[in-house]
Amino acid sequence: MPGTPPTRFVYLGPEGTFAEQALRTVPAAEHGTRTPARSVGEALESVRAGDADAALVPLENSIGGAVGVTLDELAEGQPLVITREVILPVEFVLGARPGVTLASIRSVAAHPQASTQCRGWLRTYLPDATVVDVLSNGAAAAGAAGSEYDAAICAPIGATRHRLAVLADKIADHTDAVTRFALLSRPGPPPPPTGDDVTSLAVYIAHDRVGALLSVLMELAVRGVNLTRIESRPTGEALGRYVFFLDCTGHVADVRLGEALQGLRRVCADVRFLGSYPRHRWADGAGDRPVPAPAGLSDADYLDAAAWLARLRVGELS
């Protein structure tokens, strides 16, 4: 039923990863079922098939960049929409079975991205240890708990779930690294505007038109819509054919963003709406604030201009 809160959640597994940790910040997920999926594609297909109400998958990382497989899934197949974003600090810990000391560690299990982000710490504190690549942070924690490895680089939730002692925390070389996750559902009415929202789009430009990408950007710029992110991914059709993923400030219900979307519909080969949803809110109030509209480009200005034009069309010149 439209408007019914989701109760069945799926996330990129396995258990004990940052994705599970991020999902548990969503209040409804704490009271619903949470099922790990083996891949981003499997998570999203379970929503498309109606086996789950919502899926939480990674969208981008401040160090590693965009998660290509998620963008590809959003551009293809039956449409899904983002209803919420979660931005989670990436705080890796070194976990080991109780009794294991730092000096005794000879092997460390880690996902390749995790070991890359902790390279400096490993070089300083475990220069002689062998780092073994595993499929996920959860698998690393499970391997250490099962005595397959001496220790694991994992998420805090993974160490807790597998009862590992934390020998060191916040070991990433970039202490301010974050991962942005998206909660996706089947299409329906977007959450109501909050005044601090994000709208995501997948835009296919007309490749036979000179300045096609510039015309896309101009539809946003002339209406004072702030573009906060742009990523390109190959469409698979031919070399040089790309789909562009855009994040804009504002909500589809906003007048100026609505006009921008109409403009994009006119000048683009295709536009896929990926959702309007609240911007992530940090508990301490930190983070970027929305960029205000330039003078003359607020929703109030648009409404005033539309009312003025309506009066002109019926002969009222005052």
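A nonpolar core is taken here as a set of buried Ala, Val, Leu, Ile, Met, Phe, Trp, Tyr and Cys residues joined through side-chain atoms within 4.5 Å. Buried means under 20% relative accessible area, exposed over 50%, and partly exposed in between (1.4 Å probe, protein chains only). The model is predicted: local features need pLDDT of at least 70, side-chain atom pairs count only at pLDDT 80 or more, and totals for chains, interfaces and linings use all residues. Residues are numbered from 1 along each chain as its sequence is written, and side-chain values use heavy atoms, with hydrogens and water left out.

The largest nonpolar core has 36 residues. Phe92, Leu94 and Ile153 have the most contacts inside this core. Helix 1 (residues 18-23) supplies its largest share, four residues. A second, separate core holds 24 residues, among them Ala43, Val47, Leu71 and Val243. In soluble globular proteins, nonpolar side chains tend to be buried together.

The protein chain comprises eleven helices and 15 strands. Helices (H or I, at least four residues) and strands (E, at least two) are DSSP runs, numbered from the N terminus. The C-alpha trace spans about 85 × 45 × 40 Å along its principal axes. Of the 318 residues, 44% are buried. The chain exposes about 16,000 Å², and carbon and sulfur atoms supply 55% of that area. Accessible areas come from the Shrake-Rupley method with a 1.4 Å probe; for residues, only the protein chains shown count as cover. Among contacts (heavy atoms within 4.5 Å) with a separation of 6 or more, 76% join residues 24 or more positions apart.

A cavity is a set of points, on a 1 Å grid over the protein atoms alone, where a 1.4 Å probe fits but cannot get out; lining residues have an atom within 4 Å of a point. Grid points are joined across faces, edges and corners, and a volume is the space filled by probe spheres set on the points. The count comes to one cavity of 30 Å³ or more. The largest cavity has a volume of about 50 Å³. Its lining consists of Leu59, Leu71, Leu74, Ile82, Ser200, Leu201, Arg229, Phe245, Leu246, Asp247 and Leu274. Helix 4 (68-75), strand 12 (197-204) and strand 14 (242-249) each give two or more residues to this lining. Strand 14 gives the largest share, three residues. By class, eight lining residues are nonpolar, one is polar and two are charged. Here Ala, Val, Leu, Ile, Met, Phe, Trp, Tyr, Cys and Pro count as nonpolar, Asp, Glu, Lys and Arg as charged, and the others, Gly among them, as polar. Leu71 belongs to this lining and also to the second core.

Backbone geometry was then considered. Most residues other than glycine have a negative phi, and most peptide bonds are trans. A cis peptide bond joins glycine 13 and proline 14, with omega about 5°. Proline 14 sits in the loop between strand 1 (8-12) and helix 1. Serine 147 has a positive phi, near 70°. This serine 147 lies in the loop between helix 7 (137-145) and strand 9 (151-154). Phi of lysine 170 is also positive, near 50°. Lysine 170 occupies the loop between strand 10 (165-169) and strand 11 (178-185). Its relative accessible area is 55%, so lysine 170 is exposed.

Glutamate 259 lies in helix 10 (residues 255-267). It counts as partly exposed because its relative accessibility is 33%. Leaving aside neighbours within four places in sequence, glutamate 259 contacts Arg223 and Tyr302. Its C-alpha atom is 8.6 Å from that of glutamate 219, 40 residues apart along the chain.

How values were computed. 1 Å grid on protein atoms, 1.4 Å probe; cavity = no way out; pocket = protein on both sides within 12 Å on 5 of 7 lines; lining within 4 Å.
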